[in-house]
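Subject: Handing over the structure

Hi there,

Here is the structure I promised to pass on to you. Have a look at it first, and then read on for my notes.

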Amino acid sequence: MTDPSTEPADTVLTGTRLNEALTGLPDWRYRLGALVTAYSFASSASAIDFIAGVGAIAEDLNHHPDLDWRYDTVFLTVSSHEAGGEVTGQDMEFAEAVSRVATRAGGTAEPRRHTTVELGIDTEDPSRIAEFWTSALGYQLADNGDVVDPEGRNPNIWFQVTDTPANNRIHLDRHVALSTLELERENLRPVAGEGDGTRHPAFRVYADPDGNRVCLCTEIGHMPAD
């Protein structure tokens, strides 16, 4: 097993290196340029103690996560903004330290509960509609062309360039770990069947009875190149 904290702090990890490092970080998952997880605790007081521990790590490493506290559960996202929103050795060091604090606090890792949803819009020309969405939602245009919440709290919008847009141009993407994809498929099967698995396991497309689409997306195709 590879030690996840051996990478230089400012090194952006490749896809292969990420997969190797994550074997030593079972509490965490890779998600769209970040590491994510959730920890549940016996009480809100225990969750608060854990948050204090996370704060101490963040100050010690000068590396600060996005944190969402919901009573007895804490959701965490960490990425290196100075590296263009990618995962670096410093993120691995941070995640390893947080996992130790969570264990001492009696936390249970539940990374599957950390869900990421994006909104995809079919369009022939993203530049023609991007300004509308930034203005309508108070979002910003990111370097990669996505329209994003500057506070990082609400779903981002990305544009699927196509000459043959679907009748319903807007769809949802739900990002899940490849390791839990079969469980997610099992949950959807009674209401949506097998869906369209043309691009499985990178993503599968499902639709409700009215044709509104949702994609179950995994980390395949989203990890940095080697």
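A residue is called buried here when its relative accessible area is under 20%, exposed when that area is over 50%, and partly exposed in between, using a 1.4 Å probe and protein chains only. Please keep in mind that this is a predicted model, in which local features need pLDDT of at least 70 and side-chain atom pairs count only at pLDDT 80 or more, while totals for chains, interfaces and linings use all residues. Residues are numbered from 1 along each chain as its sequence is written, and side-chain values use heavy atoms, with hydrogens and water left out.

Let me begin with the aromatic rings. Rings of Phe, Tyr and Trp (its six-membered ring) pair if their centres lie within 6.5 Å; planes under 30 degrees apart count as stacked, over 60 as edge-to-face and the rest as tilted. By this rule there are three aromatic pairs. One of them joins Phe41 and Phe50, a tilted pair with 4.9 Å from centre to centre and 35° between the planes. Phe50 counts as buried because its relative accessibility is 0%, and Phe41 counts as buried at 6%. Phe132 and Trp133 make an edge-to-face pair, because their planes stand at 85°, with the ring centres 5.1 Å apart. Phe132 is exposed, with a relative accessible area of 53%. Ring pairs also link Tyr39, Phe41 and Phe50 into a cluster.

Next, the helices. Helices (H or I, at least four residues) and strands (E, at least two) are DSSP runs, numbered from the N terminus. Helix H2 (residues 44–61) packs with helix H3 (residues 89–104) at an angle of about 150°, and their axes are 10 Å apart. Those axes are lines fitted to C-alpha atoms, for helices over the stretch in contact, and angles run from 0 to 180 degrees between N-to-C directions. How are H2 and H3 oriented, roughly parallel or roughly antiparallel? H2 is roughly antiparallel to H3, given that angles under 35 degrees count as roughly parallel, over 145 as roughly antiparallel, 65 to 115 as roughly perpendicular and the rest as oblique.

Which residues meet there? On the H2 side they are Phe50, Gly53, Val54, Ile57, Ala58 and Leu61, and on the H3 side Gln90, Glu93, Phe94, Ala97, Val98, Val101 and Ala102; contact means heavy atoms within 4.5 Å. By class, the contact of H2 with H3 has 10 nonpolar, two polar and one charged residues. Here Ala, Val, Leu, Ile, Met, Phe, Trp, Tyr, Cys and Pro count as nonpolar, Asp, Glu, Lys and Arg as charged, and the others, Gly among them, as polar.

Now for some backbone details. Most residues other than glycine have a negative phi, and most peptide bonds are trans. Leu32 has a positive phi, near 50°, and is not a glycine. Leu32 sits in the loop between strand E1 (29–30) and strand E2 (35–40), and is partly exposed at 32% relative accessible area. Tyr71 is also a residue with a positive phi, about 55°, although it is not a glycine. Tyr71 is found in the loop between strand E3 (66–70) and strand E4 (73–78), and counts as exposed at 57% relative accessibility. A cis peptide bond joins His200 and Pro201, with omega about 5°. Pro201 lies in the loop between helix H5 (181–192) and E11.

- Ser40 is in strand E2 and counts as buried at 14% relative accessibility. Leaving aside neighbours within four places in sequence, Ser40 is in contact with Asp72, Thr73, Gly106, Gly107, Thr108, Glu110 and Arg113.
- Ile129 is in helix H4 (residues 126–137) and is buried, with a relative accessible area of 16%. Leaving aside neighbours within four places in sequence, Ile129 is in contact with Ile121, Thr123 and Phe159.
- Gly211 is in the loop between strand E11 (203–207) and strand E12 (213–217), and is partly exposed at 33%. The C-alpha atoms of Gly211 and Gly24 are separated by 41 Å, and the two are 187 residues apart along the chain.
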